[in-house]
Amino acid sequence: MKLTEDHIAYIIKDLNYRGIVAEGIQDELIDHICSAVEAEMEKEKRFIDAYHTILRRFGHTAGLRETQKQTIQSDHKKPKDMLKNYFTVAIRNLRKHSFYTFINVAGLSVGLAICFIIVLFVKNEMSYDKHFEHAERIYRINNEIKFGGNHYNMVYAPPVMAGTVVEEFPEVEAAIRFRQRGSYLVRRDVDNIKEDHVIWADKDFFKVFSIPVIAGNSTTALAEPNSIAISKKIADKYFPSEEALGKTLILDNQINAKVTAVYEDMPANTHFHFDILISMEGLDEARRTVWYSNNFQTYLLLREGTDVAQLETKLSKLVTDRAMPQLKEVLGNDFTMEKFVFSLQPILDVHTKSSLQGEFEPNFDIAYVYLFSAIALFILIIACINFMNLSTARSANRAKEVGIRKVMGSFRSHLVRQFLAESVLLSAVSMALAIGIAYLILPLFNNLSSRQLVIPFGEPIFYLIVLGTFLLVGILAGLYPSFFLSAFKPASVLKGNVALGMKSGFIRSALVVFQFSVSILLVIGTLAVYRQLNYIQNKKLGFNKDQVIVLEDAYALGNNRTAFRDEVMRNGKMESSTMTGYLPVSGSWRSDNPWWVEGRDPAVQENLVSVQCWRVDYDYIKTMGMQIINGRDFSLEFPSDSSAVIMNEAALKAFGFKGEIIGSRIATFGNGLGGEPDRNNLETLNLIGVVENFHFESLKQNVAPVILYLSDAPNGSISFRFKSQNAKEVIETVEAKWKELAPGQPFSYFFLDERFNSMYASETRLGKIIGIFSGLAIVIACLGLFALTAFTAEQRTKEIGIRKVLGASVSSIVLLLSKEFGKLIAIAFVLASPLAWYGINWWLKDYTYKTEIGVGLFLFAGVGAFMVAWLTMSFQSFRAASSDPVKSLRSE
């Protein structure tokens, strides 16, 4: 016959009354006595008779004390058994309270999964370029120039820089240059394929960057003109079933390039990815000796022990000794520059600490690494808080358990270990589920973040980290509840003197406030990112980006360019077209040169204006949807327009034109439109119109001065503005004509609005990622709130019943149960708002053009969070308020 809870309680109270010393008696003793009593009751004895029989058998107090002593000794002799006991009891408790276990496991597993993914992401971002053998000794030369009203921070250096530093500075072991010339058409036989990752590189590329070469000689691979090194991916693509080494690929229908090496594909965590390296020995531009033309990305391999600061000083001296004399020779002896500085940047800092003009690929701001790390930590803390809150909130239910254990002799340290065992067990289960969740959602995260993250199941360190993480999380999450619960005094709890619900839970309330403060902070941040993106999408840009299709690589048409454009324009779907590579979106051509107002001295720095010089045709402004605000557009009716110029408002301001400006003239040195400067040969252009400012770079930057002039641009793009709403029909029409006039050439196009949107792809990804994380943070916080509300309602069942009997309405009871938590959400909003305001302004400081962040956004986030929390609470509150009071009061 099994003992009831009342029987067990009687035994405990009686032992306490008999003066049995509490300290030292273990759980095994009470189990032993109860088992003995149950055995006696099987002999058809009443409980009280069976109990007294056992007392006599143990010799009353003396026997019990001896058993107590033996139990203590046994306890110290069997640590493994005690550990087993802790986890056995822990499993029993977790199964008994399955609802709260589910809430804890769900919240903690999701929190750990998110934390796990973010850790993988952050680790990947911080690992860029570390795989290079001499990564700590590789530096990139950056360039800062300030003159003519413009400020440039670039990754470019003069073509002569690399050779000079190797010859003159013993600290430099090797130097290489890169030169980007856009995409290339590549073919082996007949049909061309467009390849984007093509670069001109110096012969020491493989000496500086330790990319494994799997075929060919890395030392001589790029030593000869028209030689190329290709990646394994390209080798498999063009030579799938044969050796690539020694074969020929034709680049842009002009260069017969011999494959001299095949190298392993560059790792994903590299700040550049090139599939074809063309020998710099075949590039005429690389042999120029001018110091004021900056077009080459230059990297240095320094010798060990080099003083980088001292080397930077030497680089600056090159400006004084080499660059400025050449500039004064062209512009006059009085010419000065506000700033012209070369600096060195460690390659390990490029990916996370650089966003200069001329980067090979978009980098990742180190601030976002810190931000995501903080988000991961906060979400994990929110999940741990759920465990701590539920553990302390359920203290009333476990108080009697603690009291009974203490009466029966459990040490406080034993109770602490018991509760920690429950926490660690729950953490272990959550970690296992978290790895499964992370495995399932990692492909989605990779797609969203444009990364190739994988869970390192094959690395032993991974399992050590998992073990350490769930132990650490389990101990930290369970530490406070274990000490809180084990501190109960048995005399008080067995009399029922334990505070219930939220009233005694100041720390618990503070933790709820922290949870929702973080959640509201993330929500406000997400809303701010999306508001800025919406502002970008709807801001007046100065041109019309919609319904424009751009065909790349117009040079593939050869002499059929004009015929192709005319044939397409005969289609009724087209409005206008323009042939040029200069477009107001990223990835397009750019060219800046110094100009001045005719009659002014170019040797005076204030007279020089560095402007973007764009070669366009007659229909450019019409096709791009730009607005002439003064003067007129280019026209075939004016033959003199071949020497005319249209400038934007920023250029007008930079030149200082006022009053009647049409007919003013600007000048530059001969060949200033693209060739070598010639002081004795000036080129002048006549101003015929002013176009409204248009954004052609990110909204993080001011609109720079731009001038437009007429010129043929055979290697550019062909853009068509179309009327039809059916983009697919337009593509089919243009593609059919392309294949007719450019057989065997790849058809490559993009829509202007999509290219514009891609300029803000990183912001869009950031908004989506933070949005998902903030949503999950609220879900985890609401899971805890849901469980806390359920527990509070459970503890106040009798109170609710009495209130209903006395006439309280369901709505009043719902309000009663919800208002305490509602106050906490309001406090969380008050605390989160100033932090969110600071964070938003920090993020927006990089944007010259930005949205206004008003009070409405904060109120929307606060009210939204409150409504979600209130709906979470109201479900349990309504359920409790709707219960039958007869059921809750029938035991009274």
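Which residue lies over the face of Phe 296? In this structure that is Arg 177, at 5.5 Å from the ring centre. The cut-off for a charge over a ring is NZ of Lys or CZ of Arg within 6 Å of the ring centre and within 35 degrees of the ring normal.

Hello everyone, and a word on the ground rules. This is a predicted model, so local features need pLDDT of at least 70 and side-chain atom pairs count only at pLDDT 80 or more, while totals for chains, interfaces and linings use all residues. Residues are numbered from 1 along each chain as its sequence is written, and side-chain values use heavy atoms, with hydrogens and water left out.

Let's stay with rings for a moment. A pair of aromatic rings is described by the distance of the centres and the angle of the planes. Here, rings of Phe, Tyr and Trp (its six-membered ring) pair if their centres lie within 6.5 Å; planes under 30 degrees apart are stacked, over 60 edge-to-face, and the rest tilted. That rule gives 45 aromatic pairs. One of them joins Phe 121 and Phe 372, edge-to-face, with 5.5 Å centre to centre and 65° between the planes. Phe 121 belongs to helix H6 (residues 98-126) and Phe 372 to helix H12 (residues 366-393), so this pair ties together parts that are 251 residues apart in sequence. When I name helices (H or I, at least four residues) and strands (E, at least two), I mean DSSP runs, numbered from the N terminus.

For the cut-offs, buried means under 20% relative accessible area, exposed over 50%, and partly exposed in between, with a 1.4 Å probe and protein chains only.

Now turn to Trp 614 and Phe 696. Their ring centres are 5.2 Å apart and the planes stand at 75°, so this pair is edge-to-face. Trp 614 is in strand E18 (residues 609-616), and Phe 696 is in the loop between strand E22 (678-691) and strand E23 (706-710), so the contact ties together parts 82 residues apart in sequence. Trp 614 is buried at 0% relative accessibility, and Phe 696 is buried at 5%. Elsewhere, ring pairs link a cluster whose members include Phe 132, Phe 178, Tyr 263 and Phe 360.

Next, charges. The structure holds 32 salt bridges, each being a side-chain nitrogen of Lys or Arg within 4 Å of a carboxyl oxygen of Asp or Glu.

Glu 567 has two partners to show you. With Arg 570, the closest N and O atoms are 2.7 Å apart; with Lys 737, they are 3.5 Å apart. The Lys 737 pair links helix H21 (residues 727-741) to Glu 567 in helix H18, 170 residues apart. Arg 570 is exposed at 59% relative accessibility, Glu 567 is partly exposed at 33%, and Lys 737 is buried at 19%. Salt bridges that share partners also join Lys 194, Glu 552, Asp 553 and Arg 755 into one network.

On to the surface. Tyr 439, Leu 440, Ile 441, Leu 444, Phe 457 and Tyr 463 form a nonpolar patch with about 650 Å² of accessible area together. Patches take residues with over 30% relative accessible area and no salt bridge, joining like charges within 9 Å and nonpolar side chains (Val, Leu, Ile, Met, Phe, Trp, Tyr) within 5 Å; the areas come from the Shrake-Rupley method with a 1.4 Å probe, and for residues only the protein chains shown count as cover.

Where does the largest share of the patch come from? Helix H14 (residues 412-449) gives four residues. Tyr 439 is in H14 and is exposed at 51% relative accessibility. H14 also bends by about 45° at Ile 441, with Pro 443 following within four residues; the bend is the angle between axes fitted to the seven residues ending there and the seven starting there. After H14 comes Ser 450, with a positive phi near 55°.
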